[in-house]
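Student: I have a new model open. Can you walk me through how to read it?

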Amino acid sequence: MLMNGAETYRVEDTIIRLCKSRGFSYVEVYVTPTGFFVSVDTKGEEQNGILSYTKRIKSRGINLNKVAQVNDFSRKFVESNMSVEEGMKILKEIHDLLPYPHYVHALFGGLASAFFGLLFGANLLEFFSAFFTSILVTYTLKVLTSIEFSPFLTHISGGVVAATMAILLSSLHPLIATDKVIIGAIMVMVPGVAITNAVRDSIAGDLVSGLARATEALIIATSIAFGIGFILKLWTFITGGTLL
């Protein structure tokens, strides 16, 4: 769940419910975006048989389908006599679910960005420009993520691609505005889930997780701005201060 964008409180609640459904009277869970710590007592309420487990989370993404499936599994596990072995088998099947192919992400990322462009007043040419630019940006992000490229450099690359394509397309037709194409194209990179989870974690009292997620969102936003700003500055330098 942590690897796929779940909130901190949801992960903690799921672990607690799973452990208590199988007879552990004492369960303590501490979850952060980069890992979690679980302690359970195996000998009743005396707390003299405590076992602790630590799990490090090294990669994170967004796959709310997996979060929903694990959430549904936890409820079925608690309400039934399912064995631990059978439960682990189901969890492994959920973990091994293949994500959508790159072309599916690119296509629907392009559609979403194109319609965001319309919200900001884009015309028909800018709509299609944002669509094709976002497809290229989305594909670039998926490819770089699949080879475990640095997240910071990945989003810089996405910003570079978005700004470069926007400038090239605006150079081809006077009715295509660079800013509207860029605004539409970068919507697939905006860290909306990270910002939402940061606020929800902070409200729920998980201040460490909230701050960590807010920092992650800030770093992503900064990297996008850096990539776009670099290309725009380079273009104005080459053209002598003009930008379409």
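Tutor: We go from the whole chain down to single residues. Keep in mind that this is a predicted model.

Student: Start with secondary structure. How many helices and strands does the chain have?

Tutor: Count the elements, then read their order. Here there are nine helices and three strands. Along the sequence the pattern runs α-β-β-β-α-α-α-α-α-α-α-α.

Student: What radius of gyration does the chain have, and what would a compact globule have?

Tutor: Set the value beside the globule rule. A compact globule of 244 residues would come out near 18 Å, while this chain has 22 Å. Then look at the box. Along the principal axes, the C-alpha atoms fill roughly 75 × 30 × 30 Å.

Student: How much of the chain is buried?

Tutor: Buried residues account for 38% of the 244. Next, take the surface.

Student: How do I read contact range?

Tutor: Ask how far apart in sequence the partners are. Among contacts between residues at least 6 apart, 60% join residues at least 24 apart.

Student: Which residues does the UniProt annotation "transmembrane region" cover?

Tutor: Treat it as a record, then check it against the model. The unreviewed UniProt entry gives residues 152-175, 181-199 and 211-238. In the model, residues 152-175 are 88% helix and 0% strand, and the end C-alpha atoms lie 33 Å apart. Residues 211-238 are 100% helix and 0% strand, with end C-alpha atoms 40 Å apart.

Student: Now a single residue. Is His-155 buried or exposed?

Tutor: Check the relative accessibility against the cut-off. His-155 counts as buried because its value is 16%, and buried means under 20%. His-155 sits in helix α6, residues 151-172.

Student: What does His-155 touch beyond its sequence neighbours?

Tutor: Skip residues up to four places away. His-155 then touches Leu-141, Met-189, Ile-220, Ser-223 and Ile-224. Look also at Ala-221: it is 66 residues from His-155 in sequence, but 8.4 Å away in space, C-alpha to C-alpha.

Student: One more case. Why does Ser-74 count as buried?

Tutor: Ser-74 is buried because its relative accessible area is 1%. Ser-74 lies in helix α2, residues 64-79. Leaving aside neighbours within four places, Ser-74 contacts Thr-14, Arg-17 and Leu-18.

Conventions:
Residues are numbered from 1 along each chain as its sequence is written. This is a predicted model: local features need pLDDT of at least 70, side-chain atom pairs count only at pLDDT 80 or more; totals for chains, interfaces and linings use all residues. Side-chain values use heavy atoms; hydrogens and water are left out. Helices (H or I, at least four residues) and strands (E, at least two) are DSSP runs, numbered from the N terminus. The radius of gyration is taken over C-alpha atoms; the globule rule is 2.2 Å times the number of residues to the power 0.38. Buried means under 20% relative accessible area, exposed over 50%, partly exposed in between (1.4 Å probe, protein chains only). Contact means heavy atoms within 4.5 Å. UniProt positions are given in the numbering used here, feature names are shortened, and annotations may be inferred rather than shown by experiment.
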